[in-house]
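Subject: Structure handover and notes

Dear colleague,

I am handing over the structure below, and my notes on it follow directly after it. Please read them with the structure open beside you.

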Amino acid sequence: MDLKIKHFSELTAEELYRLIQARVAVFVVEQTCPYQELDGKDLDALHVWFEEGGEICAYVRVLDKGVSYPDAASIGRVITLRRGTGLGKQIMLEGIRLAQERYGAYRIRIGAQVYAKGFYEKCGFVQCSDEYDEDGIPHIGMVRG
């Protein structure tokens with residue numbers, strides 16, 4: 001399995017297509033949640049994914065401080081297409097590492113779906129907000145650092 005790390009400006013058209021296809025498959029189709037998946041933040045993001053045989057297996061995007069939150073870097077669009085294999089945690093830890101190494105991030109914020117709170121706690125995040133609705137799905141703010 002290969003780890004791929006690319007800024008938006010480095011992505012090929014085919015890579016971008018496959019990344020968006022994977023994200024839409026999970027966040028729009030699987031979760032039956034019609035929302036604006038392309039939010040403009042991809043242009044400023046590091047796109048990080050595991051790939052095997054041309055198939056995207058897990059993905060996160062990493063954003064510098066000031067893109068999503070004024071005081072912290074952020075990680076979002078966390079998906080794993082091979083559930084139960086540990087890839088979700090691996091890709092999240094890669095996102096954390098890159099936020100720290102590339103952006104000098106001490107603090108990382110995320111908007112987490114409530115059901116995934118335990119997963120993010122295992123990655124060092126703690127809840128920092130009350131529950132809120134985002135596109136019809138319960139979310140909480142979480143922070144690390």
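Tyr132 counts as partly exposed, because its relative accessibility is 31% and the partly exposed class lies between buried, under 20% relative accessible area, and exposed, over 50%, as found with a 1.4 Å probe on protein chains only. Tyr132 lies in strand 7, where helices (H or I, at least four residues) and strands (E, at least two) are DSSP runs numbered from the N terminus. Tyr132 and Phe27 are 105 residues apart in sequence, and their C-alpha atoms are 17 Å apart in space.

Before going on, please note that this is a predicted model, in which local features need pLDDT of at least 70 and side-chain atom pairs count only at pLDDT 80 or more, while totals for chains, interfaces and linings use all residues. Residues are numbered from 1 along each chain as its sequence is written, and side-chain values use heavy atoms, with hydrogens and water left out.

Next, the pocket. The largest pocket has a volume of about 900 Å³; on a 1 Å grid over the protein atoms alone, a pocket is an open set of points where a 1.4 Å probe fits, with protein on both sides within 12 Å along at least five of seven lines, and lining residues have an atom within 4 Å of a point. Grid points are joined across faces, edges and corners, and the volume is the space filled by probe spheres set on the points. The lining of the largest pocket has 41 residues, of which Phe27, Arg77, Val78, Gly111 and Tyr120 are the closest to its centre. Among the elements that give two or more residues to this lining are helix 1 (13-30), helix 2 (87-103) and strand 5 (108-113), while strand 4 gives the largest share, seven residues. By class, the lining has 18 nonpolar, 13 polar and ten charged residues, with Ala, Val, Leu, Ile, Met, Phe, Trp, Tyr, Cys and Pro counted as nonpolar, Asp, Glu, Lys and Arg as charged, and the others, Gly among them, as polar.

Helix 2 has 17 residues and at 1.5 Å a residue should span 24 Å, which agrees with the 23 Å between its end C-alpha atoms; the expected span is 1.5 Å times one less than the number of residues. Its buried residues include Leu87, Ile91, Met92 and Leu98, and just after helix 2, Gly104 takes a positive phi of about 65°.

The aromatic rings come next. Rings of Phe, Tyr and Trp (its six-membered ring) pair if their centres lie within 6.5 Å, with planes under 30 degrees apart counted as stacked, over 60 as edge-to-face and the rest as tilted, and by this rule the count comes to two aromatic pairs. The rings of Phe119 and Tyr120 are edge-to-face, because their planes stand at 75°, with the centres 4.9 Å apart. The rings of Tyr120 and Phe125 are also edge-to-face, since their planes are at 85°, with the centres 6.3 Å apart. Phe119, Tyr120 and Phe125 form one aromatic cluster, in which Phe119 is partly exposed at 28%, whereas Tyr120 and Phe125 are both buried.

Finally, two buried residues in strands. Arg109, in strand 5, counts as buried at 18% relative accessibility, and its side chain makes a polar contact with the side chain of Asp71 (3.1 Å); such a contact is a pair of N or O atoms within 3.5 Å, and within protein one must be able to donate a hydrogen and the other to accept it, while residues adjacent in sequence count only if both atoms are side-chain atoms. Val60, in strand 3, counts as buried at 0% relative accessibility.

With best regards
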